[in-house]
Amino acid sequence: MEQDIQIDTIYPRFVMRKRFPELAPGFNEQLMELAIADAMANRVPAGGHDRSIGEDVTHLAHLRHNFLDDARDPVVAQFIKMVDHTVREYLSAVYHYDHEGEIDMMSDTFWQNREEGQNVGINCHTHFKSDLVATYYLNTGCEPGEDNPLRQGALRFYDPQNLGVRPWPNRNPGLVQNGWYNIVPEPGMMVVFEGHIPHDSTYFGGEQRLCIPVMCDVKTSRSHIKKPVSELLRNQG
Ligand SMILES: [Fe+2]
C-alpha cells in the first residue's frame, strides 16, 4: 500500500566543534600569554568601574573590552582569521549559506584559577545579543583521569524549550533530546553555537582554565540598522 508520510526536522540547534592541527608550533602558547595579560588587565578594580560586568565578588566579573582590538599582535590577527573562517564554515555547514560579508567580533577573555577558588563553573546564561559565539579553549582545567563531566569543566548546552527526555526511548542517532548536551572541551578546540542557546560550564579540578569566547554578528543587508535616538532626532531636524 502506498504510504503518504512526511517528517520534517523542526527548530533544531547546532553546535560545531573544530580543532586546528595545522597551527604553527607555539601559536597557542603565544595566544595564551596575550590572553592572560588581557584578562588580568581587565579585572574589576577595587571600588568598581563603569565598564564592570558583574560584581567584583565573583570570578565572573570583568571589564567590558575587546581583546581582539586591544591586543595588537600578529598572533591575534591570525586568531581573528581563524574565528572568521570557522564561523563561515558553521554557516555553510548548518545553513548552506556562504557568507561573503563582514562579521563583527569582540571578545572578553576568560581566565579562571583554582588557587583563587575560581574553578566552580559558570552559571547558565545566553549571549542573546550576539548571532554566534565561537569559544576557543587554550586550557580547560580538566584533570587527567577525571571522567565525571560534572568535574571536567564541561560546557553544557540546554534545550531552550526545556522539554527534556520523553517517556519512550530515543533511538534516532541524529536527534538529541536530553535536557542538556555536554561537551568536554580540549585545549585547541573551538566550539561554535548560536548566541541565544542557554549554556553553562561545570567545576574543574585542574589548576586553571583559559578560553577566548568571541561574540560574532553576521552582517548582511538584512541586519538591523539601529542608530542612537540623538542621531535619529538630529536627522529629523
Ligand atoms: Fe557563554
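Strand β8 (residues 155-158) pairs with β9 in the antiparallel sense over four bridges. Two strands count as paired if DSSP finds at least two bridges between them. Within this pair, L155 stands opposite I183 of β9. The model is predicted: local features need pLDDT of at least 70, side-chain atom pairs count only at pLDDT 80 or more, and totals for chains, interfaces and linings use all residues. Residues are numbered from 1 along each chain as its sequence is written.

The β8-β9 pair belongs to an open sheet of four strands, ordered β6-β11-β8-β9, with antiparallel pairing. Strands β6 (122-125) and β9 (180-183) stand at the edges with a single partner strand each, so one side of each has no neighbour in the sheet. Neighbouring strands of the sheet are turned by 15° against each other on average, direction ignored. Axes for such angles are lines fitted to C-alpha atoms, for helices over the stretch in contact; angles run from 0 to 180 degrees between N-to-C directions.

Overall, the protein has four helices and twelve strands. These are DSSP runs, numbered from the N terminus: helices are H or I with at least four residues, strands E with at least two. Of the 237 residues, 24% count as buried, that is, with 20 or more other C-beta atoms within 10 Å of their own, C-beta atoms being placed from the backbone. Just after α4, G237 takes a positive phi of about 80°.

The C-alpha atoms fill a box of roughly 75 × 65 × 40 Å along the principal axes.

Definitions and conventions:
Buried ≥ 20, exposed ≤ 12 C-beta atoms within 10 Å, placed from the backbone.
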